[in-house]
Amino acid sequence: MNSRIELAGLAAIALFGLTGLEAPAQDYPVKSIRLVVPFPPGGGNDTIARLLGQKLAPALGQQMLVDNRPGAGGTIGAEIAAKSPPDGYTLFLAGVASHGINPNLRRQLPYDPVRDFSGVSLIASAPLLVVVHPSLPVASIKQLVALAKARPGAVNYASNGSGSSSHLAVELFAMTTGTVMTHIPYKGVALALTDLMSGQVQVAFSSAVSMLPHVKAGKLRAIAMTGAKRSQAIPDIPTVAEAGVPGYETGSWYGIVAPAKTPRPVIERLSREIATATRSAEISGRLVDEAVIPIGSTAEEFDAHIRRELARWAKVIAKARISED
């Protein structure tokens, strides 16, 4: 008799425990969701986050509230998200800096991009635009390579800072082509752009959104895009690979991650809804107009992407001997 009671009790506990685990996922979400964005309001990352939040609200039945936590190259926001409860109500807008570069560049990072997060969906990739000042006698990637090889170190390039995606894109290009160019780091794209347009620096691999207006005004010359395929926004500009450097491809990217141990059904629900929203005409059209490529991946695909990015930038940073500022 006692054994029957014990078995019944164990079965009830097991059923209660299973129901307790599944119920939050089935009911999710029952309140607003916080999306931590590690950059200030008004920039490209913030714009993408708000577009996505607005589109997801009707599908999820709850608001997605953007929480801007800028600082330390994305580290502050990433730490906040990593230490949040893994319940699906805090998400993080990850990028190449937070989940590809910083973990390889900074000795003491308060989070681990793989251990502390679960991928949800890769939203989009943002290839960089290769631009030169009109005074540089270069109108193609092949000519840039030829000039850099003929005059090692004589050609200089601007970046948004040491260890930034714009810096590492050129380091990867130099390694791939066997060229040497001189790095001139700036604190942000605005300062780099000022000196680039004045001719104090000659080359940049930078944000298409920032550079295109000046290309159209004739102040800069665009010679290539760093993506795997041409941008629909500027289809006449070839990729670096098309222009003579086979296999070269890089750029920024944006994706949503959640704290590790977030229930799998919650991750899968979010992944489906985010992918659907990303591919909608409203969001994909806006991204394409800004030379950004919509993706909308599965959670597993995004986890694999993060691991590939970590491995790739580890090699570039080590070979170029780039150290923390």
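This is a predicted model: local features need pLDDT of at least 70, side-chain atom pairs count only at pLDDT 80 or more; totals for chains, interfaces and linings use all residues.
Several of its residues are buried, including Asn 45, Asp 46, Ile 48, Ala 49, Leu 52, Leu 56 and Leu 60. Just after the helix comes Gly 61, with a positive phi of about 75°.

Strand β3, residues 90–95, is mostly covered, with six of its six residues buried. Thr 90, Phe 92 and Ala 94 point one way from the strand, while Leu 91, Leu 93 and Gly 95 point the other way. Two strands pair with β3. With β1 (residues 33–37), the pairing is parallel and runs over three bridges; here Leu 35 has Leu 91 of β3 as its bridge partner. With β10 (residues 252–259), the pairing is antiparallel and runs over four bridges, and Phe 92 has Val 257 of β10 as its bridge partner.

Phe 92 also takes part in an aromatic cluster, in which ring pairs link it with Tyr 111 and Phe 117. A search of the whole structure finds six aromatic pairs. Another ring, that of Tyr 89, has Lys 31 over its face, at 4.8 Å from the ring centre.

Turning to the open sheet, five strands follow one another in the order β7-β6-β8-β5-β9, with mixed pairing. Strands β7 (182–185) and β9 (221–225) stand at the edges; each has a single partner strand, so one side of each is left without a neighbour in the sheet. From one strand to the next, the twist averages 30°. Within this sheet, β6 (residues 156–159) and β8 (residues 203–207) run parallel and are joined by two bridges, with Ala 204 of β8 as the bridge partner of Ala 158.

Two helices pack on this sheet. Helix α6 (residues 165–177) touches β5 (128–132), β6, β7 and β8, and its direction makes about 145° with that of β6. Helix α7 (residues 189–198) touches β5, β6 and β8, and its direction makes about 145° with that of β8.

Conventions
Residues are numbered from 1 along each chain as its sequence is written. Side-chain values use heavy atoms; hydrogens and water are left out. Buried means under 20% relative accessible area, exposed over 50%, partly exposed in between (1.4 Å probe, protein chains only). Two strands pair if DSSP finds at least two bridges between them. Rings of Phe, Tyr and Trp (its six-membered ring) pair if their centres lie within 6.5 Å; planes under 30 degrees apart count as stacked, over 60 as edge-to-face and the rest as tilted. A charge sits over a ring if NZ of Lys or CZ of Arg is within 6 Å of the ring centre and within 35 degrees of the ring normal. Axes are lines fitted to C-alpha atoms, for helices over the stretch in contact, and angles run from 0 to 180 degrees between N-to-C directions. Contact means heavy atoms within 4.5 Å.
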